[in-house]
Amino acid sequence: AALSNAYARAAALAELQSGAKAGLAAQPGALEELERARGRLMSGLRAARALGFGDSAPELREAEKCRRRLHNYLQDLRGATRVFCRVRPSNSRELKLNEPVVVTTQGIMSVECKDNDKDEIKRFDFDASFGPESTQDQIFDECRDLVQSVLDGYNVTIFAYGQTGAGKTFTMMGAESPPELRGVCPRTVEALFQAMERQASRFTFSVTAYMLEVYCAKMNDLGASALGEKAEQAIKIHVNGGRVVLDGVLEHKVSSAEHLLQFLDNGNRMKKVTATAMNPGSSRSHTILGITIQCENKDTGQAHQGKVLLVDLAGCERLKKSQVTGNAQKEAIEINKSLSALGDVISAITLGKRVPYRNHVLTQLMQDSLGGTAKTLMFVNVSPAEGNLQETMMCLQFASRAKTITRDEAAAMRLQAARRGQIARRSVHEMRISKATDVVVASMRLKS
């Protein structure tokens, strides 16, 4: 039995080494090859833990570092900022007016807009495109890997952009029933807690959440309002050690997905909405659900923190089209200002310039989750109807600016990976030595 266990332990370490070597040998940009290597490494880690190796074991420490590097590298190859386009179905109003469909998906990565007046077709390319028949599960599949990035200690932002009435809230929040219509936010919450449950034997997790709205350049604490609590002071933003800190915001400790989903639902009920010619229930504020997860390894005592921002942006709109007046007109102007500031931030990141986070409250809130090592996923939601073509073109052009980040950063990450590879190869060499030592020790114990 002792001999069998020694061989099993040696085999587990060999699998760890093999997975790491496969990852290092994979060609830059070879997603499938890298995913296979990550899969082998994860299998090796599970096998080693099942045989009694703790996370404090040097071999597992190095293997886990390699696993994190591979996972992060895969996310960066897909794009530190990924942009997806979703074309919604024609709504009842458009069907009643017999509006021609002029926006269609082409393949799995492109969208085409047909301008009948100019007799021309404009094509936009993204990381993925989804047509009117797309399901909520297909949409969330693009977000699923980012859940692990949060648990690995990275900041993640997922947001939806588009004109009012284009389907942003449906993409982010979805419907309560049936379950298959749930959106990105509730699915992300459930996926986070499922992932934490799977790792509960190794980590202690602490989860806190807040929910804010940015309304006319002011921040309101939706979570506190839903609980009937009044803010004792105005909300202030400052940055400490690269992290956004919110003074005056009540962060709620949550213990389950159900608890957090109830918190989300209560906060959504406090949002400000206004009827416009474009949308009878148009949101007049940006909604931000922030989830922070503190992770501590039970074996090594090492701790890290990850955060995900789930953002439902208010819809961009032309005043002439939305036909709003008075206070609703002021709201629309402020919404467009904030979205313009977000566009400036994205453009600055793209061009490698100084990023103007401080130009608006919205971008100040998101500054530790846009650019740098953060992962950003953007959905641009558009209408298929000819009557909305001008707004659709503006949204697609905005999204194309963000798409540029994906190409630039993917190239940069490949260069960085070459440098990281030298460090990772050194780790594999150390693992090889540790493996040999372990086998020798096991053999000596058997002889004795």
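These exercises with worked solutions concern one predicted protein model.

In this predicted model, local features need pLDDT of at least 70, side-chain atom pairs count only at pLDDT 80 or more, and totals for chains, interfaces and linings use all residues. Residues are numbered from 1 along each chain as its sequence is written, and side-chain values use heavy atoms, with hydrogens and water left out.

**Exercise 1.** Describe the chain as a whole, starting with its helices and strands.

Solution. Step one: the protein chain holds 14 helices and 16 strands; these are DSSP runs numbered from the N terminus (helices H or I, at least four residues; strands E, at least two). Step two: 50% of its 448 residues count as buried, meaning under 20% relative accessible area with a 1.4 Å probe, protein chains only. Step three: among contacts (heavy atoms within 4.5 Å) with a separation of 6 or more, 71% join residues 24 or more positions apart.

**Exercise 2.** Compare the span of helix H8 with the expected value, then state how many of its residues are buried.

Solution. Step one: H8 covers residues 184-198, 15 residues in total. Step two: the expected span is 1.5 Å times one less than the number of residues, and the 21 Å from first to last C-alpha is close to the expected 21 Å. Step three: eleven of the 15 residues are buried, so H8 is largely enclosed by the rest of the structure. Arg187, Phe193 and Met196 are among them.
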